[in-house]
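Dear colleague,

Please find below the structure that I am handing over to you. The notes that follow it set out what was found.

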Amino acid sequence: MTLPEPSPHAAEASAGTPERGGSALDAVRARRSWSRVTDEAPTRSELEALVSAAGRVADHSSLRPWRLIELRGADRERLGRAIHKALGQEGSSTKPLRAPLLVAIVVSYRKSEKVPRWEQEAVAAGVAHTLSLLLDEAGWGVIWRTGHYTRSKAVAKAHGLGKDEALLGWLYVGGKPDTERGGPRKGVDAAAHLSRMPEKRGRGSKKNAGGGAKDESTAL
């Protein structure tokens, strides 16, 4: 499937958003979460093209244990009522109205002796992360929102979830406002999160004359 041309507003996206065709590294470095967005949103065809690409994440046994639900217009109001019902409140929550498009991320568990549920959830989350990156690269503002009501019966029913499905939250999608031009997020300290396997201590390890430990083992 051919990716659609960027929307007219994409050229006005914030500084730091890479041009289409840039490297994946550039796109990842430039992304950020957009808590506020405009009323613009990608079309159904634009969204389908990006979802098709996002579905190429690593997927053990190719189970495709996920699906996405598109919420626009009145769908968001239905979700708002479901959220308040889950919270035991009257009326409707306005949270789903913060963006013109919400994409619900659903993990659809498949029966498998090789792929446990946690791994299937990782696939669904991978699709969501990749889709959010693709949307950002295409010029759209995105933020992944959750909440303790995400796994409530009322919210699950509103989305039509099956008994072997669970909700992982929503991507809130809209245009990037000109008033917010924050730069890319600061990269993490890789050394604090990347390590090696610990050395294996052999049975011959013993204390030396000075009282310190003598490690006679070698690294794996």
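Please bear in mind that the model is a predicted one.

Overall organisation

The protein chain contains six helices and six strands. Along the sequence they follow the pattern α-α-β-α-β-α-β-α-β-α-β-β. Of the 220 residues in the protein chain, 38% are buried. Among contacts between residues at least 6 apart in sequence, 75% join residues that are at least 24 apart.

The nonpolar cores

The largest nonpolar core has 23 residues, and those with the most contacts inside it are V103, V107, L131, L135, L171 and V173. At least two residues of this core come from each of α2 (44-54), β2 (101-108), α4 (117-137), β3 (140-145) and β4 (165-175). The greatest contribution is that of α4, which gives six residues. Another core lies apart from this one; it has 18 residues, including W34, L71, A82 and I143.

Strands β2, β3 and β4

Strand β4 has eleven of its eleven residues buried, so it is largely enclosed by the rest of the structure. It pairs with β2 in the antiparallel sense, through seven bridges. Strand β3 also runs antiparallel to β4, and six bridges join the two. In the first, V107 stands opposite A166 of β4. In the second, G141 has G174 of β4 as its bridge partner.

Beyond its neighbours up to four places away in sequence, V107 touches P65, W66, Q120, E121, A124, D164, E165, A166 and L168.

Helix α2

Which residues of α2 are buried? They are E46, L47, A49, L50 and A54. Seen down the helix axis, these buried residues fall within an arc of 160 degrees, so they line one face of α2. In an α-helix there are 3.6 residues a turn, so residues three or four places apart point the same way. The elements that cover the buried residues of α2 include β1 (66-72), β2, α4 and β3.

The loop between α2 and β1

Most residues other than glycine have a negative phi. S62, in the loop between α2 and β1, has a phi near 50 degrees, which is positive. As to accessibility, S62 is exposed, with a relative accessible area of 54%. R64 also counts as exposed, at 54% relative accessibility.

Two buried loop residues

S93 lies in the loop between α3 and β2. Its relative accessible area is 8%; because buried means under 20%, S93 counts as buried. The side chain of S93 reaches the backbone nitrogen of K95 at 3.2 Å. Leaving aside neighbours within four places in sequence, S93 is in contact with G80, R81, I83 and H84.

T150 is found in the loop between β3 and α5 (153-159). With a relative accessible area of 6%, T150 is buried as well. A polar atom of the T150 side chain lies 2.6 Å from the backbone oxygen of G147. Beyond neighbours within four places in sequence, T150 is in contact with V155, L167, L168, G169 and W170.

Residue R78

Finally, R78 belongs to helix α3 (residues 74-86). R78 is partly exposed, with a relative accessible area of 45%. The C-alpha atoms of R78 and V155 are separated by 9.3 Å, although the two residues are 77 residues apart along the chain.

With kind regards

Notes. Residues are numbered from 1 along each chain as its sequence is written. This is a predicted model: local features need pLDDT of at least 70, side-chain atom pairs count only at pLDDT 80 or more; totals for chains, interfaces and linings use all residues. Side-chain values use heavy atoms; hydrogens and water are left out. A nonpolar core is a set of buried Ala, Val, Leu, Ile, Met, Phe, Trp, Tyr and Cys residues joined through side-chain atoms within 4.5 Å. Buried means under 20% relative accessible area, exposed over 50%, partly exposed in between (1.4 Å probe, protein chains only). Helices (H or I, at least four residues) and strands (E, at least two) are DSSP runs, numbered from the N terminus. Contact means heavy atoms within 4.5 Å. The arc is that of the directions from the helix axis to the C-beta atoms. A polar contact is a pair of N or O atoms within 3.5 Å; within protein, one must be able to donate a hydrogen and the other to accept it, and residues adjacent in sequence count only if both atoms are side-chain atoms. Two strands pair if DSSP finds at least two bridges between them.
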